[in-house]
Amino acid sequence: IPTYNRAKCVGEAVESVLAQSYRQIEVIVVDDGSTDATPEVLRAFGDRIRVIRQPNGGVSTARNTGIRAASGEWIAFLDSDDVWSPRKIEVQVADVLAHPTAVGHVTNVGFADYGVDGQTLFGVRGVEAHYAVNPFRSRALLEVLDCNFFIQASMLHTQTLRAMELFRTSMSIYEDIELLA
């Protein structure tokens with residue numbers, strides 16, 4: 001979870017990870033030089049999370065720090081102003097275990113703002129029915145680029161992710177799409 005001056009919402013994001021039905025989760029929050037009460041909010045979680053504090057370098061730098069620090073086989077991303085549904089990781093882990101050659105997994109995303117409350121990304125993009133019938137892809141990258149999936153819906157194999165060039169630190173937007181391209 002990369003965060004910068006998000007004291008108002010980072011706690012809720014962390015709670016959504018700690019509340020996952022799948023319990024074997026390493027929670028890493030990279031505080032990218034916050035000047036508000038973010039450090040105090042994170043401190044309240046004690047040893048249930050790992051906090052890495054660094055000078056402000058942007059979201060890509062923060063994500064790269066978290067990737068390098070992670071010890072798990074898979075890395076799932078969450079922005080500090082978003083939350084996961086309670087079974088997100090359980091579903092993703094079950095799917096990747098059932099498909100041992102998978103290097104990534106993307107879930108649908110529900111919107112709670114932006115004028116599309118109650119809708120999903122797949123619904124807005126017009127692919128929900130198609131994915132319900134055929135959820136697995138052998139060439140998923142083409143669809144990721146076409147559909148503009150969100151990184152916080154993704155779970156990527158750690159070794160595969162580290163073999164890539166990670167997030168481009170010169171980009172402040174669309175760095176997640178560029179990573180997958």
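Ser 34 is located in the loop that links β2 (28–31) and α2 (38–43); helices (H or I, at least four residues) and strands (E, at least two) are DSSP runs, numbered from the N terminus. The model is predicted, so local features need pLDDT of at least 70 and side-chain atom pairs count only at pLDDT 80 or more, whereas totals for chains, interfaces and linings use all residues. Residues are numbered from 1 along each chain as its sequence is written, and side-chain values use heavy atoms, with hydrogens and water left out.

Ser 34 counts as buried because its relative accessibility is 3%; buried denotes under 20% relative accessible area, exposed over 50%, and partly exposed in between (1.4 Å probe, protein chains only). Its side chain makes a polar contact with the side chain of Asp 31 at 2.6 Å and reaches the backbone nitrogen of Asn 5 at 2.8 Å. A polar contact is a pair of N or O atoms within 3.5 Å; within protein, one must be able to donate a hydrogen and the other to accept it, and residues adjacent in sequence count only if both atoms are side-chain atoms. Residues up to four places away in sequence aside, Ser 34 touches Thr 3, Tyr 4, Asn 5, Pro 39 and Arg 53 (contact: heavy atoms within 4.5 Å).

An open sheet is formed by 3 strands in the order β1-β2-β3, with parallel pairing; strands pair if DSSP finds at least two bridges between them. β1 and β3 (50–53) are at the edges with a single partner strand each, so one side of each has no neighbour in the sheet. β1 and β2 are joined by 2 bridges, and Pro 2 stands opposite Val 30 in β2. Helix α3 (residues 59–69) packs on the sheet, where it touches β1, β2 and β3, and its direction makes about 145° with that of β2 (axes are lines fitted to C-alpha atoms, for helices over the stretch in contact; angles run from 0 to 180 degrees between N-to-C directions).

The largest nonpolar core has 17 residues, of which Ile 1, Val 14, Val 27, Val 29 and Ile 49 touch the most other members. Such a core is a set of buried Ala, Val, Leu, Ile, Met, Phe, Trp, Tyr and Cys residues joined through side-chain atoms within 4.5 Å. At least two residues of this core come from each of α1 (10–18) and α4 (88–98), and α1 gives the most, with 5. In α1, 7 of 9 residues are buried, and their cover includes β1 (2–3), β2 and α2.
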